[in-house]
Structures are given as C-alpha cells and as structure tokens.
Amino acid sequence: MRANVFAARNHKEIVRDPVTLLFGLGLPILLMGLFSVMQKNMPFAFYQISNLTPGVIVFSCSFLTLFSGMLLGKDRSSSFLMRIFASPMSAGDYILGYVLPLLSIAFLQIILCLLAAMFLGLSLDSSILWMVGVLMIISLLYIGLGLLFGTIFKDKQVGGIFAIFVNVSTWFSGTWFEPDMIGGTFQAIAQFLPFVHAVSAARAIQSTSYTDAFIPLVIVIGYTIVIFAIAILLFKRKMRG
C-alpha cells in the first residue's frame with residue numbers, strides 16, 4: 001500500500017513532462033519507419049520489420065533509464081526524499097514506488113511499437129504475446145539502471161550520463177548491426193554487456209525460437225537482479241546518510 005501511494009505520486013511527476021514522454025514514445029516509431037524505408041534499397045535483409053521490431057523496442061527501453069534516473073535524481077536534488085524518509089517506508093518500498101509507474105510506460109511503449117510494426121507489415125501470431133512478456137522483463141533492466149544512476153547522480157548529471165549510456169547500450173546491443181560484423185574486442189564487450197542479449201532474446205521470441213531465447217534471457221535477468229540489489233543497497237546508504 002505504501003509503495004502504491006508513492007507510485008501514484010511518481011506517475012504524476014512523470015506525466016508532468018509530456019514533451020520528454022512523447023519523445024520517448026515517438027522516436028522509436030519514427031526510427032522503425034525510417035529503417036523500414038531504407039530496407040527497400042538495401043541488398044541485405046537485416047532491417048526487415050520482423051528483425052527490426054524487437055531491436056527498436058529494446059532501444060526504446062533506454063528512455064525508461066532516463067525517466068527513472070531523472071525522477072529519482074530530481075527528488076534527491078529537491079530534498080523531497082529527505083522529507084519523506086521520516087515515513088515507515090523501506091528502501092525496497094521506495095524503489096518499488098519508482099518501478100511501478102515506469103512499467104506502465106514500458107507497456108505503452110511496447111504496444112505502440114508493435115502497432116506501428118504491424119502497420120509496416122509485421123504479421124500477428126502467438127509469439128507477439130510471448131514477446132510482450134519478455135520485453136517487460138527486459139524493461140526492468142533499463143529501469144534498474146536508471147534508478148542506479150539516479151541514486152548516484154543528481155538530475156542534471158543524469159542527463160549527461162544518459163547521453164553516454166544510450167550510445168553505449170545502442171551500439172553494443174546489435175539493434176542496428178550485428179557485433180560480429182566488427183568482431184574482436186568490440187564483439188567481446190558486446191557479449192559481456194546485457195544489451196545484445198536483450199535484443200537476442202526478443203528476436204528469438206519473435207521468430208518463435210523459444211529455446212534460443214533462454215540463455216540470453218537468463219543473462220538479462222541476472223544483470224537485472226544484480227543492478228536492483230546494488231541500487232537498493234546504495235539507496236539504504238543514502239537513507240542512513
């Protein structure tokens with residue numbers, strides 16, 4: 001109940017910045033349409049809508065990192081958290097209160113991107129439902145990273161960190177090109193980070209290769225658990241401070 005009340009407040013804070021929210025919802029759809037048009041003039045099929053859609057949706061999750069990081073960073077900068085630390089809420093309650101409204105935004109992002117993809121030629125089948133579930137799990141990874149950034153940095157610093165993060169997460173995710181096209185150290189770093197595994201899991205589900213999605217999804221879940229654990233521990237330290 002405490003987390004739900006706090007989540008309702010955070011939802012209102014997020015929608016108070018409609019420009020950023022609309023940008024996060026609209027840019028992935030715009031990119032999907034752009035690369036679909038480019039595919040018509042390309043000799044290879046990497047940007048076919050069935051291959052492009054999962055990667056673009058995972059890319060859209062990076063905006064969840066911005067939303068969560070900015071919200072938590074702003075609360076710390078305004079001393080709002082210091083005032084409500086007197087409440088009986090635990091660190092886990094605070095983190096859950098930030099996660100819940102962001103999950104609703106993640107779901108909206110996924111649905112809008114899938115509707116746009118269907119308009120561009122994506123066929124409907126049972127894998128869509130499975131992909132929504134997997135993408136919701138993947139969204140927790142990006143939300144957790146945002147909460148970690150917001151716990152460490154202030155809101156103005158989070159904006160700069162996000163600019164670096166979105167480039168790292170996108171280039172090493174395999175959304176726009178496969179890491180093995182470059183190979184070497186670049187591919188090794190990509191395989192170490194969770195982003196390429198998130199895209200691989202979503203694409204495997206999209207192509208109904210469910211067994212191929214298992215290992216990448218386990219890696220993503222493992223990273224998510226570790227990131228949330230670190231965020232909660234650091235948040236507890238901030239509370240004690």
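**How do we know?**

Modeller: Start with the record: an unreviewed UniProt entry puts the feature "transmembrane region" at residues 21–39, 51–73, 94–122, 128–151, 158–177 and 213–235. Such positions are in the numbering used here, and annotations may be inferred rather than shown by experiment. Residues count from 1 along each chain as its sequence is written. The model is predicted, with local features needing pLDDT of at least 70 and side-chain atom pairs 80 or more, while totals for chains, interfaces and linings use all residues, and side-chain values use heavy atoms, without hydrogens and water.

Colleague: How many helices and strands does the protein chain have, and what makes a run count as one?

Modeller: A helix is a DSSP run of H or I, at least four residues, and a strand is a run of E, at least two. On that basis the protein chain has 11 helices and zero strands. Residues 51–73, for instance, are 96% helix and 0% strand, with end C-alpha atoms 35 Å apart. Residues 94–122 come to 90% helix and 0% strand, and their ends lie 39 Å apart.

Colleague: How do you know whether the radius of gyration agrees with a compact globule?

Modeller: The rule is 2.2 Å times the number of residues to the power 0.38, taken over C-alpha atoms. For 241 residues that gives a value near 18 Å, and the protein chain has 18 Å, so the two agree. The C-alpha trace spans about 60 × 35 × 30 Å along its principal axes.

Colleague: What share of the residues is called buried?

Modeller: Buried means under 20% relative accessible area, with a 1.4 Å probe and protein chains only. By that cut-off, buried residues make up 50% of the 241 in the protein chain.
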